[in-house]
Amino acid sequence: MRTASGPTHYGRALYLAINVAILIFLLAPIAIVVVFALNPTPFIQFPPVGVSLRWFEKFFASRDFMHALGFSLQIALLTTVSATVLGASAALALARGNLPGTRLIVATMLSPLMLPAILTGLALFQTYVLLDVGRPTWGLVAGHTLVTLPYVVRTTLAVLHNFDLRLEEAARNLGASPLRTFFEVTLPLIKPGVLAGAIFAFIVSFDQFPVSLFLVSPGNETLPVTLFNYLKFDLDGTIGAASVVSIVLAFVVVVGLDRTVGLRSYVKL
């Protein structure tokens, strides 16, 4: 018994140590950003000499940063809506449509995940130039939708993979129309995948830099592009404050969805 419990005990300890190390590795950059944002000195210093909100005040007092923050939120919301509608519809068609070459279509739709985003942004920029449409807001939304669509497709397909078609058949046999069956049976059951994809779409769109760098127009720049331009001339805690705001915003989105639709009940998916 001692011989058997010894390796088990050490195995659990090793497993716990590895998970703690991974967690520290993932959270350490965030902790450094927070320290940088709260440090009163205009440069990175560790250990910090104090705590100050001066950089947050500078961030929220900046007209350029506030305009970029609002514009990023606008683009992220529009992208989330379009990517969710298109991605969920595409996933349903791929799972139910018996389309020829389904695997090839899925691979093509997921290809933006494998391609560098900067190449996607450059290709879209050249396309807009050839079409002579300039760099409109809808073009930026289309670019963000292109890189976020795979997340919605993948998460929705994962839910549809284990979907029980007999539930839809039962609803139809009880007299429900196809539309009512979709909204009262299908959509509630695939909601975990759709919501997970929507969360990914919002976060990826809000923090998207390579595509935005090519598609934004002067005066309508997203927050990542504004931060990039700011870094060309200055490096102070305002960058850290803006990063903390982005992190908190992503956290608020996830918590808000959890409070409204109950994401914890879908955690097993």
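Let me begin with Asn98, which sits just after helix α3 and takes a positive phi of about 50°; please keep in mind throughout that this is a predicted model. A second residue to look at for its backbone is Asp132, which is not a glycine and yet has a positive phi of about 55°. Asp132 is found in the loop between α5, residues 117-131, and α6, residues 137-161, and because its relative accessible area is 68%, where over 50% is the cut-off, Asp132 counts as exposed.

Going back to α3 itself, this helix covers residues 63-96. If we leave aside residues up to four places away in sequence, Thr84 touches Thr79, Val152, Val194 and Ala198.

Now to the chain as a whole, where the secondary structure comes to eleven helices and zero strands. The C-alpha trace spans about 75 × 70 × 35 Å along its principal axes, and of the 269 residues, 36% are buried. When we take contacts between residues at least 6 apart in sequence, 70% of them join residues at least 24 apart.

What does the largest nonpolar core look like, and which residues touch the most other members? That core has 18 residues, and the ones touching the most other members are Phe56, Phe59, Phe65, Leu223 and Leu227. Two or more residues are given to this core by each of α2 (54-61), α3, α8 (178-206), α10 (223-231) and α11 (237-261), with α11 providing the largest share, five residues. To take Leu223 as an example, and again not counting residues up to four places away in sequence, Leu223 touches Phe59, Phe65, Ala68, Leu69, Ser72, Phe206 and Ser246. Apart from this core lies another, of 16 residues, which includes Ala91, Leu92, Val159 and Phe163.

Finally, the surface and the charges. The accessible surface of the chain comes to about 16,300 Å², and 70% of that belongs to carbon and sulfur atoms. The chain carries 17 positive and 12 negative side chains, and the centres of these two sets lie 11 Å apart.

Methods
Residues are numbered from 1 along each chain as its sequence is written. This is a predicted model: local features need pLDDT of at least 70, side-chain atom pairs count only at pLDDT 80 or more; totals for chains, interfaces and linings use all residues. Side-chain values use heavy atoms; hydrogens and water are left out. Helices (H or I, at least four residues) and strands (E, at least two) are DSSP runs, numbered from the N terminus. Contact means heavy atoms within 4.5 Å. Buried means under 20% relative accessible area, exposed over 50%, partly exposed in between (1.4 Å probe, protein chains only). Accessible areas come from the Shrake-Rupley method with a 1.4 Å probe; for residues, only the protein chains shown count as cover. Lys and Arg count as positive and Asp and Glu as negative; His and the chain ends are not counted. The place of a charge is taken as NZ of Lys, CZ of Arg, CG of Asp or CD of Glu. A nonpolar core is a set of buried Ala, Val, Leu, Ile, Met, Phe, Trp, Tyr and Cys residues joined through side-chain atoms within 4.5 Å.
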